Amino acid sequence: MLYEYVEPANVLEFSAHTPCASADDPWIRLYGLAHFDAGSDYIVRRDSLPQFLFAYTLGGEGRLRYGERDYPQRQGSIILIDCNQYHEYGTSGSHWDFVWFHFDGLLAAQYCRRI
């Protein structure tokens, strides 16, 4: 599993949760959520994480590389990705203000594939 991470400059809120249910549990399980106002050095590169990521950009500018394509993240942009696939995201410019959460579960997988 690839995992590279440079911490954001300003973590405004963060909450982590470790669900006790099994991986085949049908419910959607939340693993963590946060509000970051990330500085210019913030970046995440990873693959093989058995979760999904939802992120919403509040301000500043970020970037996402997923499925061999680049997606600029500006105010109002939404990310919904399968973290088992290689992806990278980070700040583009001086800061990126965004909220995110990681989740999984059979219903989550079905929901994300439908979208």
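The questions and answers below concern a predicted model.

Reader: Which residues of helix α1 are buried, and where on the helix do they lie?

Author: Helix α1 covers residues 106-114, and its buried residues are Ala 108, Ala 109 and Cys 112. Seen down the axis of α1, these buried residues fall within an arc of 100°, so they line one face of the helix.

Reader: What covers the buried residues of α1, and which exposed residues are on the face turned away?

Author: The cover over the buried residues of α1 includes β5 (52-66), β7 (78-82) and β8 (87-104). The face of α1 turned away from the buried side carries exposed residues, namely Gln 110 and Arg 114.

Reader: Which nonpolar patch on the surface includes Leu 107, and what is its accessible area?

Author: Leu 107 lies in helix α1. With a relative accessible area of 37%, Leu 107 is partly exposed. Leu 107 forms a nonpolar patch on the surface with Trp 27 and Ile 28, and together the three have an accessible area of about 340 Å².

Reader: How many salt bridges does a search of the whole structure find?

Author: Side chains of opposite charge can pair when their charged atoms come close. A search of the whole structure for such salt bridges finds four.

Reader: Which residue forms a salt bridge with Asp 104, and is the pair buried or exposed?

Author: The closest N and O atoms of Asp 104 and its partner Arg 29 are 2.8 Å apart. Asp 104 lies in strand β8 and Arg 29 in strand β3 (residues 29-39), so the pair ties together parts that are 75 residues apart in sequence. The partner is Arg 29, and both residues are buried.

Reader: Which strands hold Arg 45 and Glu 88, and how far apart in sequence are the parts they tie together?

Author: Arg 45 and Glu 88 form a salt bridge, with 3.7 Å between the closest N and O atoms. Arg 45 is in strand β4 (residues 43-46) and Glu 88 in strand β8, so the parts tied together are 43 residues apart in sequence.

Reader: What are the relative accessible areas of Arg 74 and Glu 61?

Author: The side chains of Arg 74 and Glu 61 meet in a salt bridge (3.7 Å, N to O). Arg 74 lies in the loop between β6 (69-73) and β7, and Glu 61 in strand β5, so the pair ties together parts 13 residues apart in sequence. Both count as partly exposed: Arg 74 at 46% and Glu 61 at 27%.

Terms used: Residues numbered from 1 in each chain as written. Predicted model: local features only at pLDDT ≥ 70, side-chain atom pairs only at ≥ 80, totals over all residues. Heavy atoms only, no water. Buried < 20%, exposed > 50% of the residue type's maximum accessible area, 1.4 Å probe, protein only. Helix = DSSP H or I, 4+ residues; strand = E, 2+ residues; numbered from the N terminus. Arc of directions from axis to C-beta. Contact = heavy atoms within 4.5 Å. Patch = residues over 30% accessible without salt bridge, like charges linked within 9 Å, V, L, I, M, F, W, Y side chains within 5 Å. Areas by Shrake-Rupley, 256 points an atom, 1.4 Å probe, with all protein chains shown as cover.
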